[in-house]
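Reader: Hello! Could you take me on a close look at a single part of this model, and at how its side chains hold hands across the chain?

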Amino acid sequence: MKPLLEIKDLRVEIDTNRGLVTPVRDVSLSIAPGEMLGLVGESGSGKSMTAMSVLRMLPAQSARIAAGSITLDGHDLVTMPERTLRGIRGGTVGTIFQEPMTALNPVLSIGDQLTEPVRKHLGLNRRAAHARGLEMLDMVGIRDPRRVMADHPFQLSGGMRQRVMIAMAMSCEPKLLIADEPTTALDVTTQMQILDLMLGLQQEHGTAILLITHDLGVIAQTCQRVAVMYGGQIVETAEVEDLFERPQHDYTKRLLSFLPSAAVATAPRERPASVAPAGSPPLLEVSNLSVHFESRRRSLFERAPEPVKAVQDVSFNVERGTTLAIVGESGSGKSTTGRALLRLVEPTSGSVRFDGRDVLAQTPEQMRALRSDMQIIFQDTYASLDPRWQIGRSLGEPLVTHTALSKGDRANRVTEVLELVGLEAGHADRFPHEFSGGQRQRIGIARALMLNPSLVVCDEPVSALDVSVQAQVLDLMKDLQQELGLTYVFISHDLSVVQEMADDIIVMSRGVVVEHAPAAELYADPQHPYTRALLAAVPQADPSARADRAERRKLVDAGLAVQPTAEVPGA
């Protein structure tokens, strides 16, 4: 069969102040109509650069396609006029970008951005485009699509923004869909829905899909073939079953070695002994925490709508030196809970006590001082870094505010922490846009560790990392916890990561805690149907497990249909 997309000997070069960089070298790929090809590799291996070269959307102005050819349905995209290429972007070829916050326009409503592609490429009028937008939002699992159409990107959670990006990319039913980490920011249940949606698009419309992901479970469950990238080159291409059973390249073997074994998947780690003296109170005590947001009126004549109850009556304790994980769907209130602990979002009611101090009673000055001992790793690292500052300055800023260290000592501390998270001292002189998504995630972790805090709220700290780096970072976080007595509130949609880290787990749904139990008990015998749905939705890194996908989807759908209540099994 003639390929829909064919890349031959692609070479991409970037002129930098450190000389010429070649992130993609001699890459050759082909995708047949209706085929899903997986592209995996470490952060910085050239996956996204290869994908963005297809539509000549290279991220840096100094980047260029130096050699090779890219043809789509027989048309040369490298030499195609820009005017013609604009007609292909978003229409014939849909793109799901890795970081939706930077891909979405912050000043336009979701509705304006969602209807633009279908009006341009399908010729729909305003009313028909609006109806198509509502249909797509509903299709990707967004509740209350009419409200979301009127919202702006900053008003949505990371997972909801990702779903909006997916809706935009799929709205014109493209021939080719380039999906760059399309489910990275999504919880496992939504991930299953989105993957089913993409598979449906592939089967019903013959859409070819280039799927870039670090999740080998997703690859195993969806793709027909997979290409492995390392150091800007393709090191192995194979059928999915062959790659998992008989990997040929040493790098592929190393990637697969990081997958959890069946024993690990069913037996969580042993709960470590608490570092707290016997009889001492928990480091963090949260009681009946609620966070409500006022909904704005659509017009002067509309009654004020009911406030959004993002978090409702959440209670838990966290012992010193242990990890409490919070899991749930996107929009379930996980991140809002984490931010409320540090008063980055002001709670509506309830109490938060940290190391015996009433957090909600602190003055702004006292709260700033207290935050040196309570840090957060943000989900969207690019949005949390100043694009005009070099990384060294961003990392060193907390040291200027909270310590009396000299300039030289601050520089040494920055270097020390960069190396702890797998980066180099020279990275301190670079700007955020010069890093891959996974590298920026490591920078966010480094910044949280700069002041040696007692409590770290980790909001999806490894969601953008490939499996090898993810394993390194998780090992680092566990080592730091043992060495420094760190306490974590670990927010994640990845149940395998939670299992690796957690001593206790809270499961949230629509702002309510539906289950709270020690990790070993929760994985061995989940009590709530929603918890069972989350566990069933975890993609299995085994191509032979595709056969039971329909049965697992039934279990997921049944669990999601159960309305959350204030009763907390296992609490």
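Author: A search of the whole structure finds 27 salt bridges, a salt bridge being a side-chain nitrogen of Lys or Arg within 4 Å of a carboxyl oxygen of Asp or Glu. Please keep in mind that this is a predicted model, where local features need pLDDT of at least 70 and side-chain atom pairs count only at pLDDT 80 or more, while totals for chains, interfaces and linings use all residues. Residues are numbered from 1 along each chain as its sequence is written, and side-chain values use heavy atoms, with hydrogens and water left out.

Let us start with the helix pair. Two packed helices are described by the angle between their axes and the distance between the axes. Helix α8 covers residues 188–205 and helix α23 residues 549–560; they pack at about 130°, with axes 11 Å apart. Helices (H or I, at least four residues) and strands (E, at least two) are DSSP runs, numbered from the N terminus. The axes are lines fitted to C-alpha atoms, for helices over the stretch in contact, and angles run from 0 to 180 degrees between N-to-C directions. α8 and α23 are therefore oblique to each other; under 35 degrees counts as roughly parallel, over 145 as roughly antiparallel, 65 to 115 as roughly perpendicular and the rest as oblique.

Which residues make the contact? From α8 come T189, M192, Q193, L195, D196 and L199, and from α23 come R549, R552, R553, V556 and L560, with contact meaning heavy atoms within 4.5 Å. The residues of this contact of α8 with α23 divide into 5 nonpolar, 2 polar and 4 charged (Ala, Val, Leu, Ile, Met, Phe, Trp, Tyr, Cys and Pro count as nonpolar, Asp, Glu, Lys and Arg as charged, and the others, Gly among them, as polar).

The side chains of D196 and R553 also meet in a salt bridge, at 2.3 Å from N to O. This pair links distant parts of the chain, with D196 in helix α8 and R553 in helix α23, 357 residues apart. D196 counts as partly exposed at 23% relative accessibility, and R553 is partly exposed too, with a relative accessible area of 22%; buried means under 20% relative accessible area, exposed over 50%, and partly exposed in between (1.4 Å probe, protein chains only).

Elsewhere, the side chains of R143 and E329 form a salt bridge of 3.4 Å, N to O. E329 counts as buried at 9% relative accessibility, whereas R143 is partly exposed at 45%.
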